Amino acid sequence: MSDIPGRSPDTAEEPERAFFGRRKGKRLRGQQERRRADLLPALRIVLPEKDAPLDPRTLFPALPSPPDAVWLEIGFGGGEHLAAQAAAHPGIGFIGAEPFVNGVVKLLAAIEERGLRNVRIRDEDVTALLARLPDASLERVYLLYPDPWPKRRQRKRRFVSDASLAEIGRVLKDGGLFRFASDIGDYAGWTLARAARCPVLTWTARGAPDWTQPFPGWPGTRYEAKALEAGRRPTYLEFSRVPR
């Protein structure tokens, strides 16, 4: 809940929220710099001018035909999940949004090594990209192990908010899925509370295994491995877009 009387939760601070922390970590090495210079420009998503909408199906010219579907991963970290899904589903277009440079170059390495042709990258905050996507243009959205911003004064920086869930619901097709995973129980509860008051999303769980077991086809991530090693139990939440 908001600490400021008269303001609604989340939305009061929405215009000033920054969802990510560092933009760059360790110094990039030779191959990493080469991929960033040579490979990233061809894969980077540049938004059209004058606030024009962006049809995500047009972003994959390397595929022999338009993708069967388009999935978005917000904050892909090191790219393990996104690369594994792209390799497993070559007919689906994948958009990865991640402002952290070191994570981007890790995904670039996987793209090059696996010869993936169905991945495009937004190496900036995803908010502007979401705003340009047309209604009902995505079949799936992932938000996996996002920064929990655990301190109370930081929570307005969490990506999940009433506004962001409404935007995700807008871009999802009817029956499309929003999948969220976190090893921080407070963030899982935060997400459930906001999803419960989002009229266009419905929680798909029918029993405890549906939120304590990984999603089907789950390849795991390095963040999940660290959480399990530290004894933290992840939560896996899936929400479906209510038919319009």
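Q: In which loop is E98 found?
A: In this predicted model, strand β2 covers 92–97 and helix α4 covers 101–114. E98 is found in the loop between β2 and α4.

Q: Is E98 buried or exposed?
A: The relative accessible area of E98 is 10%. Buried means under 20%, so E98 counts as buried.

Q: Which backbone nitrogen does the side chain of E98 reach at 3.2 Å?
A: A polar atom of the E98 side chain lies 3.0 Å from the backbone nitrogen of F100. The distance of 3.2 Å belongs to another backbone nitrogen, that of F76.

Q: Leaving aside neighbours within four places in sequence, which residues is E98 in contact with?
A: F76, whose backbone nitrogen the E98 side chain reaches, is one of these contacts. With such neighbours left aside, the list is G75, F76, G77, V104, R122, D123 and E124.

Q: Why is strand β5 largely enclosed by the rest of the structure?
A: Strand β5 spans residues 172–182, which makes 11 residues. It is largely enclosed because the number of its residues that are buried is eight.

Q: Which residue stands opposite F178 in β5?
A: Strand β4, residues 138–144, pairs with β5 in the parallel sense over six bridges. Opposite F178 stands V141.

Q: Which residue in β7 stands opposite L177?
A: Strand β7, residues 235–241, runs antiparallel to β5, and six bridges join them. The residue in β7 opposite L177 is S240.

Key:
Residues are numbered from 1 along each chain as its sequence is written. This is a predicted model: local features need pLDDT of at least 70, side-chain atom pairs count only at pLDDT 80 or more; totals for chains, interfaces and linings use all residues. Side-chain values use heavy atoms; hydrogens and water are left out. Buried means under 20% relative accessible area, exposed over 50%, partly exposed in between (1.4 Å probe, protein chains only). Helices (H or I, at least four residues) and strands (E, at least two) are DSSP runs, numbered from the N terminus. Two strands pair if DSSP finds at least two bridges between them. A polar contact is a pair of N or O atoms within 3.5 Å; within protein, one must be able to donate a hydrogen and the other to accept it, and residues adjacent in sequence count only if both atoms are side-chain atoms. Contact means heavy atoms within 4.5 Å.
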